Amino acid sequence: MLTGERSGGNKSNTSPAENYYLARRRTLQVVVSSLLTECGFESAEKAAVETLTEMMQSYITEVGRCAKASCEHTARSTPTLSDVVITLVEMGFNVDTLPVYAKRSQRMVITAPPVTNAPVIPKSLVAGQKRTHPAYIPSHFPEFPDPHTYIKTPTFREPVSEYQVVREKAASQRRDVERALTRFMAKTGETQSLFKDDLTAFPLIAARPSSIPYLSALLPSELELQALEETDSSEQDDQTDTENNHNNNIHDDTGADKENAVLPPGGVVPTVKNNEENMIDNPYLRPVKKPKVRRKK
Amino acid sequence: VIGFVELTIFPTVVNLNRIKLNSKQCRIYRVRVNDLEAPFIYNDPTLEVCHHESKQRNLNYFSSAYTAAVSAVDPDAGNGELSIKVPSELWKQGDEMKVLKVYIEFSLDQPKGGLHFVVPDVEGSMAERGAHVFSFGYQNSTRFWFPCVDSYSELCTWKLEFTVDASMVAVSCGDLVETVYTHDMRKKTFHYMLPIPTAAPNISMAVGPFEILVDPYMHEVTHFCLPQLLPLLKHSMSFLHEIFEFYEEILTCRYPYSCFKTVFVDEAYMEVSSSASMSIFSTNMLHSGMIIDQTPMTRRCLAQALAQQFFGCFISRMSWSDEWVLKGISGYIYGLYLKKTFGVNEYRHWIKEELDRIVDYELKMGGVLLHPTFTGGKEKENPTPHLHFSIKHPHTLSWEYYKMFQCKAHLVMRLIENRISMEFMLQVFNKLLSLANTASSQKYQSHMWSQMLLSTSGFLKSISNVSGKDIGPLIKQWVDQSGVVKFFGSFAFNRKRNVLELEIRQDYTSSGTQKYVGPIKVTVQELDGSFNHTLQIEENSLKHDIPCHSKSRRNKKKKIPLMNGEEIDMDLSAMDSDSPLLWIRIDPDMAILRKVEFEQADFMWQYQLRYERDVVAQEEAISALEKFPTAASRLALTDILEQDQCFYKVRMQACFCLAKIANAMMSTWTGPPAMKSLFTRMFCCKSCPNIVKTNNFMNFQSYFLQKTMPVAMALLRDVHNLCPKEVLNFILDLIKYNDNRKNKFSDNYYRAELIDALTNSLTPAISINNEVRTIDSLNPDVRLILEEITRFLNMEKLLPSYRNTITVSCLRAIRMLQRNGHIPSDPSLFKSYAEYGHFVDVRVAALDAVVDYTRVERSADEFQWLLDMVQNDPIHYVRHKILSLLAKNPPFTRAAESSLCNEALVDQLWKLMNSGTSHDWRLRCGAVNLYHTLFGLTRPSCLPLPELGLVLNLKEKKAVLNPTIKTEQGPGGPELFPTQDEEDIDMETVHDSQAFIYHHLNMLDRPSTPEHHHHHHHHHHHEHKKKKKKHKHKHKHKHKHDSKDKDKDKERDSHAFSNSPASGRSMRSPSLSD
């Protein structure tokens, strides 16, 4: 069962594992063939045998998986016989028939599969010392993973400290990115050209009128805002502040509207005092009144 | 827009039988006087200035006809487009001086002027789209959107009501009393009350889905901007309270209105327009905290707007000829604000700049007259014969002239200040304001309101009352007379007498000049100190002897005292050993509107530049040094450039001068190109001098210098008249290594100027037989430049810069490449950028390129394209701008022959100014200006000789259908010809046009009779009540009423004066009454 379980994970391993897998598969094939013989078949097509082998394998795998599951369900780590039995029952197998079947007369004995060397787990990268548990951790807890999984191994090249080279690099990198990007945009979109004979030289992304041109021209781009955040955090605070207020304002408006709509017609609208905005007596912040005539109705 | 106006009139004379109001493009449904239907006549002679004379094409004729037309509807003369006949039943009541109420119902359908609708073509509701509307106009233009007495001198109180969609905010003059929903809850009505008497032209309004910001410092002040711009608004308005405080402090007077509103709108007509208690600004003035260059500009505009609130809106003018006082005072106190905020250097620099502007304009175009007096009203006595337009009305003025007029007005105010001291000046302002304040709280009947109107004589009287000084000669010289003074000065030093012999000559014969007689200040810097001398300029004396204080012997140990008391060491080796003179300045305080050309030796200019502390002197020295390309000049300029105590604008100017000197000294120049090592030292890394430091614009002075230096450097030329390779590579490196990541400020202006530097480095290509430019023939340097421009322009599409400054610079650069023959000349790129939908700065830059193309290539197609845009573009500012660009860079002039100049063009332009621009005074004057530039005052030479016979166009055909009486063809002669209102021929109105056949009746004998009725001045009390509903139409040919309309009701209550109708003759017209 355990073998079946492992097969899934080991497929893509190196050649010893491959060998192991092949050997197991061969054994299974032998089992299938002998069962067939038992049942009275004299020959079988290769494809049929393969299919049956496959079925057998998946059955065993499933039994193994379920057994493991039920074992883990009861907070154990090794499946016991009862786990297997339950699994078999669950899979609709009549367990009572199993001893009888095992003791049947015409049973063929199959030689144990040739012992193959168990797959060699490739040696993990040795890095640092493997840590043992500190004193306060009971020993039954899992061990620390291999050090290479958590040890930071600083690898670096000598940084280019020469200012000129750095600037040079930054500049040319940015230029290349910009050029590539604009070329791409120009290639994928409409372009205008400065030369009549060669439309591809110096392609200019076509000017496209926008319906609200002032927005893009006046508002700082996200990139600039980002840069601003990086350079000056106080500025950034300002920015968010204003945004919050902006939301506040909208809320105020709609809030006032709603309130008004709920109020009985003609009623005096109380000003909301807990909101700071409303403390300022500005006619534009006052709520909108309902028409007066309604009261008469 | 549907509106309703109610006026209450208090007749002050008997036999009031006609009332004249101003109204343009409004369709009037009915007029009632005291509940009685009143017949009315609608006639607007300015719609089509010259009728019938289809072959008359000379500008003199047009100007006089236009002036006559404007006079015929001038409210100050008691005229108006709308003439209402008071029903005879009420005559008796009028005789008893009882109140008359006039009710007018009207609508506005797709107004072409007065109101501007901005409706972005995107998805969503009107509010989501940011659609808005605002009123605009040049001078008194309120008549475009409701019938009124459209004069600055007719005051009344107002009640205004606007009913708009619930998602919109209506902002208007006065206090918002309340906001009420309509019954269906889908609309809101804004009720405004303006208790301070205000003239109709000072009324404005704006409606839109504005975001509202209450000023955190002053809760009476509210700011409005379009959606999404609130953060910018918050930043841009954060200092407004300082301006408020400043003005209130210097005027010792509170802001006259109880509230103030600023509205920022798109597609604004002007950057700033002020009206009672509110100002409408262009939304493009808003900026974030990262923008350096726009900040002072926005502050200046705000300060200007606020100054106009006091003088212009609150205190209004008595008549057009008093305009200069208000413009002068508001400009003057704005100048005081500049001085306080931006410093004395900036202020003096600004005064010099303004003075240079007015001097240049007057010398080129002829004098600017501040206070025209029209005695006798005869056309012959034109005080400004050199101009191609009449200055009798604001509506006939060229825009350029008006700008110069304002400029001169505030300079003259400054001269008055020099004369009577600032203290008295402010006292005068305070007195005017407090008088007006008292008057404003009075009732109409108390006849106090005239205190709120300012006239020239009233202003002068209060000056003499307060200061006790007679400023008559000053006023006579600069206000009643046009022109500036032009001085030429030279000197000699007489060693024997130890006397400076100064000669000052004047040129007062050429155009735009006048003769000056009076005192003039001369400052002489000698070795022993600086001495002021006041000389008297008289008729015949040219020479003036000024005794010197110091002996010419040189005391090397001694420090030299300066004007400001400072004592400094100077290297005196450069000066003439015989003379103790270091430098001489004529009129250093700019106390005369003058141009001075003064001759002194180059070393004197150099001393002046180095050691004189006045920025004006330094700037004068810099421009003088251009003529002395010597090593000493070079050294002086370089030293100034390096001195960081020196005013940054002086240093910027020094850059350009240095470039010129370097070019003149080409053969003897040693060392690296001018400014390169300086720039390297100031802005490049210590370790690798070819790489510029990462940007840090915390120090604005060095920021401006960093921007300017490359631009000036690019002007350097080598022996082949090419930009030196070294300089070009240097600029390309600046672009390459530009790194703004660590900067708190945006570098868009800096990058734009680097592109300008590339543009400046271009020189004409060597062309062989005008062959077509191809890529293969591209100069390798130009290829590099072009690559940068392409990249910048493309990046701008992805990451647009503030106000698209980079696109603007790129367009300029591309046009320059074309003009210099590096790449094929082709306008299509610019035309696409000039289309509606691009940012306005970009459009103007592209249009400038197209205009330039039109001139260079003499392209009729492009010229036609531009003129079409003038007629059809949705943005008024752009239309105006095209005309002024064309006038500045004309495709041909009257002097030169051109294939473009043909009859069809003449006709088209004529039509444009005659009838095509009747909705916008400024545009019409722009068209007149262009016509003048192209053809001059007389009949265009390309036209065939005038033939007999009339060509009737469609409109005139209509005219013929009606009985036409043609008696005379001269201007001012009695003419009577009904024509159909132009706007009523629109498709949209066909179905009801029969109801609106207004007959245009050119009022008889108006020009000839003003004297007779002038003093009649009946004072009527008007009470306006007005309801307005407005609908937005899509501009389609089909009649299409959208349901998402903004509706608007409007009501106002007003008290106004109105003049009596000119004559007792009544004219019947088939007016409607439904």
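## Lys486 of chain B

Lys486(B) sits in strand β22 (residues 485-494) of chain B. Strands here are DSSP runs of E with at least two residues, helices are runs of H or I with at least four, and both are numbered from the N terminus. The model is predicted: local features need pLDDT of at least 70, side-chain atom pairs count only at pLDDT 80 or more, and totals for chains, interfaces and linings use all residues. Residues are numbered from 1 along each chain as its sequence is written, chains are lettered from A and ligands numbered from 1 in the order written, and side-chain values use heavy atoms, with hydrogens and water left out.

Is Lys486(B) buried or exposed? Lys486(B) is buried, with a relative accessible area of 17%. The classes are buried (under 20% relative accessible area), exposed (over 50%) and partly exposed (in between), with a 1.4 Å probe and protein chains only. Contact means heavy atoms within 4.5 Å. Leaving aside residues up to four places away in sequence, Lys486(B) touches Leu363(B), Arg505(B), Gln506(B), Asp507(B), Thr513(B), Lys595(B) and Glu597(B).

## The A–B interface

Chain A gives 67 residues to the contact, and chain B gives 91 residues. Together the two chains bury about 6,900 Å², with 63% of it on carbon and sulfur atoms. In chain A, Tyr214(A), Leu218(A) and Tyr284(A) lose the most area to chain B. These three account together for 12% of what that side buries. Buried area is the accessible area (1.4 Å probe) that two parts lose on being put together, summed over both.

Charged pairs also cross between the chains. The rule finds four salt bridges across the interface of chain A and chain B. A salt bridge is a side-chain nitrogen of Lys or Arg within 4 Å of a carboxyl oxygen of Asp or Glu. In one pair, the side chains of Glu787(B) and Arg179(A) meet at 4.0 Å, N to O. Glu787(B) belongs to helix α19 (residues 780-798) of chain B, and Arg179(A) to helix α7 (residues 163-188) of chain A. Glu787(B) is partly exposed at 28% relative accessibility. Arg179(A) is partly exposed too, at 27%. Arg175(A), Glu178(A), Glu788(B) and Arg791(B) are linked in a network of salt bridges.

## Salt bridges inside chain B

Over all chains, a search of the whole structure finds 51 salt bridges. One of them joins the side chains of Glu105(B) and Arg30(B) (3.8 Å, N to O). This pair links distant parts of the chain, 75 residues apart: Glu105(B) is in strand β7 (residues 100-107) and Arg30(B) in strand β3 (residues 27-33) of chain B. Glu105(B) is partly exposed at 27%. Arg30(B) is partly exposed at 23%.

Another salt bridge joins Arg812(B) and Asp756(B) (3.4 Å, N to O). Arg812(B) lies in helix α20 (residues 805-819) and Asp756(B) in helix α18 (residues 748-760) of chain B, so the pair ties together parts 56 residues apart in sequence. The two ends fall in separate classes: Arg812(B) is partly exposed at 41%, whereas Asp756(B) is buried at 17%.

## Annotated stretch and surface patch in chain A

An unreviewed UniProt entry carries the annotation "domain: Bromodomain associated" for residues 20-97 of chain A. Its positions are given in the numbering used here, the feature name is shortened, and annotations may be inferred rather than shown by experiment. Over residues 20-97 the chain is 76% helix and 0% strand. The end C-alpha atoms are 32 Å apart.

Tyr59(A), Phe93(A), Leu98(A) and Tyr101(A) form a nonpolar patch on the surface, with about 350 Å² of accessible area together. Patches are made of residues with over 30% relative accessible area and no salt bridge; like charges are joined within 9 Å, and nonpolar side chains (Val, Leu, Ile, Met, Phe, Trp, Tyr) within 5 Å. Accessible areas come from the Shrake-Rupley method with a 1.4 Å probe, and for residues only the protein chains shown count as cover. Tyr101(A) lies in helix α5 (residues 97-102) of chain A. Tyr101(A) is partly exposed at 42% relative accessibility.

## Positive phi in chain B

Most residues other than glycine have a negative phi. Gln25(B) has a positive phi of about 55° although it is not a glycine. Gln25(B) is in the loop between β2 (18-21) and β3 of chain B, and is buried at 10%.

Thr252(B) also has a positive phi, near 35°. Thr252(B) is in the loop between α4 (240-251) and β17 (260-265) of chain B. Thr252(B) is exposed, with a relative accessible area of 57%.
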